[in-house]
Amino acid sequence: MASLSLFDPIDAPDPPAPGATVAPDREAPGYGFFDAMAAAARVKLGAPPEWEWYAAKLLPGDDTLLEGGIPNRRQDGTPRKQGKERWAGVKGTQVVVTLAEIAAACDVYERETGRCSDCAGAGERIKSISVHTGRTWRPCTRCGATGRAPTVEG
Ligand SMILES: [Zn+2]
């Protein structure tokens, strides 16, 4: 019988045997600063989950001006992939989001998913990207490489 790790997510498989190497989950569903900005904008605008931003401008201080809207969809309901068709005729809305609002969106993400918002539960973050060496990774410092949301108890 496997012992329970302090940091195991609820639905995680049994912990690896002592001494075994754990492969970080680099394919874990992502969440990042751009997603958090979009979530913060939706909260501020009272916009539905379909709202996305397509332009961002950094303002003095920590504020960001976002412009976005609800992109066009095909007849079958799937999003259009091409940028021009996707946003053709869409009237954009501008909204300023603060760093505190983005952080609040990260907190919501962590509460809802139990995943660390910095690494999206992967336990690792990209350290560098290079044409010559590809991607290199480092342990996520926010969650101590557990992938688990540090703000969520239990
Ligand atoms: Zn993390």
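A nonpolar core here is a set of buried Ala, Val, Leu, Ile, Met, Phe, Trp, Tyr and Cys residues joined through C-beta atoms within 7 Å, and a residue is buried if 20 or more other C-beta atoms lie within 10 Å of its own, exposed if 12 or fewer, and partly exposed in between, with C-beta atoms placed from the backbone. Residues are numbered from 1 along each chain as its sequence is written. Because the model is predicted, local features need pLDDT of at least 70 and side-chain atom pairs count only at pLDDT 80 or more, while totals for chains, interfaces and linings use all residues.

- Leaving aside residues up to four places away in sequence, alanine 41 touches Trp53, Leu66, Gly68, Val95 and Val97, a contact being two C-beta atoms, placed from the backbone, that lie within 7 Å.

**Overall make-up**
- The protein has 3 helices and 5 strands, which follow the pattern α-β-β-α-β-α-β-β along the sequence.
- Of its 154 residues, 22% are buried.

**Helix α3**
- With 15 residues, α3 reaches 21 Å from its first C-alpha to its last, close to the 21 Å expected at 1.5 Å a residue (1.5 Å times one less than the number of residues).
- The buried residues of α3 are Ile102, Ala105, Cys106, Tyr109 and Glu110; seen down the helix axis they fall within an arc of 140°, taken from the directions from the axis to the C-beta atoms, so they line one face of the helix.
- What covers these buried residues includes α1 and β3, whereas Ala100, Arg111 and Glu112 are exposed on the other side of α3.
- Just after α3, glycine 114 takes a positive phi of about 75°.

- Strands β4 (residues 124–130) and β5 (residues 134–139) pair in the antiparallel sense over 6 bridges, where pairing requires at least two DSSP bridges between two strands.
- The two strands form a hairpin with 3 residues between them, and isoleucine 129 stands opposite arginine 135 in β5.
- Strand β4 is hardly covered, the count of buried residues among its 7 residues being 0.

Definitions and conventions: Helices (H or I, at least four residues) and strands (E, at least two) are DSSP runs, numbered from the N terminus.
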